[in-house]
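Hi,

Here is the structure I promised to pass on. Have a look at it first, and then read my notes below.

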Amino acid sequence: MKIRKTKSLDANIPTASMADIAFLLIVFFMISTVFSVDKTNVQLPATHKENRKEVVKGSAFVVVQKDGSLKVSDGEEDSKLINMQDLGILASSWMAKNKNLPVVIKADDGVRYKYIHDVLDKLRNAGVKNLKFLTEQSRDNG
Amino acid sequence: MALQIKKDEPEIPTASMADIAFLLIVFFMLTTVFSANKGIEHVLPSNDQDQDPEKQEAIYIRVFVDNQFSMDGKSYSIEQASEVHDYVMTKVQQNAQKPVIIHTNPEASYGDMVAIFDQIKLVETEIKRPVALTIPSKDEAEMYDLYGVE
């Protein structure tokens, strides 16, 4: 009588669900990705959570850096440095294309107000209506 | 003698699926910027309709250089910004159309002005109605400096 050999068990890691997990992660990153037009690092002023509204996709950006230098983007291309004098003409050209284009002001917390005032005046004269001041959430009271 | 024909089962090769997926993951991970993408809204007045707020009626807030601000003549430091909320709240409850003017000194810091702005926006969220807020243009600001408001 023969004694059957014990079958050796194949040890393997199940990889069938690997692709599923991977695709889940892809979906997460695709949704959370914002191809931001501006990557300038500025210290934003802090405001309350309730007041902060989501920036509309495709908004034009006006970035004011700490030294008062300007960077702008029409919402499609990456932001580039310009002079204050050119902002008016540029904003007018945005308005000619889309008169309801929202404009986001991304300015450093410590920048002198005169630069912002210049920007506001130029935008107002160009006919900009929807404006947003980019802020971050204040830490203390929510 | 029976000939046995081996049947080939048709299959889509899925071995590389995970590789492709991970490649995409890496791409999205690298390009993702969890950017600060929220801010406070403000609607600029259009140029043609010149609606000057009744200056005597308005709550007049001035923001000064050294982290100070004044509201209807009383001075505060910027740490007391919540005073703006309380004051504007009581005034707006009496008169819904009460205009508010934020007049900022050119040398003052932008952050201080936004702190005041934030407080007024808080009032708006609480009463669920917009407050008649004006940020004077440069010409208007000069006028206020020359002739005063109060």
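Let's start in chain B, where B:Lys128 sits in the loop between α3 (110–127) and β6 (132–134). (Helices, H or I with at least four residues, and strands, E with at least two, are DSSP runs numbered from the N terminus.) B:Lys128 is exposed, at a relative accessible area of 73%. For that word, buried means under 20% relative accessible area, exposed means over 50%, and partly exposed is in between, with a 1.4 Å probe and protein chains only. The phi of B:Lys128 is positive, near 55 degrees, and the residue is not a glycine. Most residues other than glycine have a negative phi.

Before going on, some housekeeping: this is a predicted model, where local features need pLDDT of at least 70 and side-chain atom pairs count only at pLDDT 80 or more, while totals for chains, interfaces and linings use all residues. Residues are numbered from 1 along each chain as its sequence is written, chains are lettered from A and ligands numbered from 1 in the order in which they are written, and side-chain values use heavy atoms, with hydrogens and water left out.

B:Asn67 is another one to look up: its phi is positive too, about 55 degrees, and it is not a glycine. You'll find B:Asn67 in the loop between β2 (59–63) and β3 (68–71) of chain B. B:Asn67 counts as partly exposed because its relative accessibility is 38%.

Now the rest of chain B. It has four helices and six strands, in the order α-β-β-β-β-α-β-α-β-α from the N terminus. Chain B has 150 residues, and 41% of them count as buried. B:His85, in helix α2 (residues 82–94), is buried, with a relative accessible area of 14%. Which residues does B:His85 touch, leaving aside those up to four places away in sequence? They are B:Gln119, B:Leu122, B:Val123 and B:Glu126, where a contact means heavy atoms within 4.5 Å. The side chains of B:His85 and B:Glu126 are also joined by a polar contact of 3.1 Å. (That is a pair of N or O atoms within 3.5 Å; within protein, one must be able to donate a hydrogen and the other to accept it, and residues adjacent in sequence count only if both atoms are side-chain atoms.)

Next, how the chains meet. Chain A puts 50 residues into the contact and chain B puts in 47. About 4,600 Å² is buried between them, with 62% of that from carbon and sulfur atoms. (Buried area is the accessible area, with a 1.4 Å probe, that two parts lose on being put together, summed over both.) A:Tyr113, A:Arg124 and A:Phe133 supply 18% of what chain A buries against chain B, more than any other three residues.

Is A:Leu131 buried or exposed? A:Leu131 is buried, with a relative accessible area of 2%. Not counting residues up to four places away in sequence, A:Leu131 touches residues of chain A, including A:Val103 and A:Leu120, and residues of chain B, including B:Ile40 and B:His42. The C-alpha atoms of A:Leu131 and A:Ser8 are separated by 71 Å, and the two residues are 123 apart along the chain.

Cheers
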